[in-house]
Amino acid sequence: MNDDGTCPTCGEQVVEAHEHADGHAATDEKAPWHFKLMIVALVVYLSWRVIAIFV
């Protein structure tokens, strides 16, 4: 599929250009909650390690 949502062989419009093949718009994608939780845990862990260096 071309970037504009047309078929490379026949040129017919397959999906709208601002949508993915699964029908969801690119702007609707959000990070899952467990990814955000892992980021928070990483920040807390690295902060603790930095504090441990100086103590």
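This is a predicted model: local features need pLDDT of at least 70, side-chain atom pairs count only at pLDDT 80 or more; totals for chains, interfaces and linings use all residues.
The protein has 55 residues, and 7% of them count as buried. Its accessible surface comes to about 5100 Å², and carbon and sulfur atoms account for 65% of that. As for secondary structure, there is one helix and there are zero strands.

Let me take the helix to begin with. Helix α1 covers residues 33-54, and Val43 sits in it. Val43 also belongs to a nonpolar surface patch, together with Phe35, Met38 and Ile39. The area of that patch is about 390 Å².

Is Thr6 buried or exposed? Thr6 has a relative accessible area of 11%, which is under the 20% cut-off, so Thr6 counts as buried. What does Thr6 touch, if we leave aside its neighbours within four places in sequence? The contacts are Met1, Gly11, Glu12, Gln13 and Val14. There is also a polar contact between the side chains of Thr6 and Asp4, at 2.8 Å.

Gly11, one of those contacts of Thr6, is partly exposed, because its relative accessibility is 45%. Gly11 and Met1 are ten residues apart in sequence, and their C-alpha atoms are 9.3 Å apart in space. Met1 is also on the contact list of Thr6.

That leaves the cysteines. How many disulfides are there? With a cut-off of 2.5 Å between cysteine sulfur atoms, the count is zero. Cys7 is in no disulfide, and the nearest cysteine sulfur to it, that of Cys10, is 3.7 Å away. As a reminder, a disulfide is a covalent bond between the sulfur atoms of two cysteines.

On accessibility, Cys7 has a relative accessible area of 23% and is therefore partly exposed. Cys10, with a relative accessible area of 55%, is exposed.

How values were computed: Residues are numbered from 1 along each chain as its sequence is written. Side-chain values use heavy atoms; hydrogens and water are left out. Helices (H or I, at least four residues) and strands (E, at least two) are DSSP runs, numbered from the N terminus. Buried means under 20% relative accessible area, exposed over 50%, partly exposed in between (1.4 Å probe, protein chains only). Accessible areas come from the Shrake-Rupley method with a 1.4 Å probe; for residues, only the protein chains shown count as cover. Patches are made of residues with over 30% relative accessible area and no salt bridge: like charges are joined within 9 Å, nonpolar side chains (Val, Leu, Ile, Met, Phe, Trp, Tyr) within 5 Å. A salt bridge is a side-chain nitrogen of Lys or Arg within 4 Å of a carboxyl oxygen of Asp or Glu. A polar contact is a pair of N or O atoms within 3.5 Å; within protein, one must be able to donate a hydrogen and the other to accept it, and residues adjacent in sequence count only if both atoms are side-chain atoms. Contact means heavy atoms within 4.5 Å.
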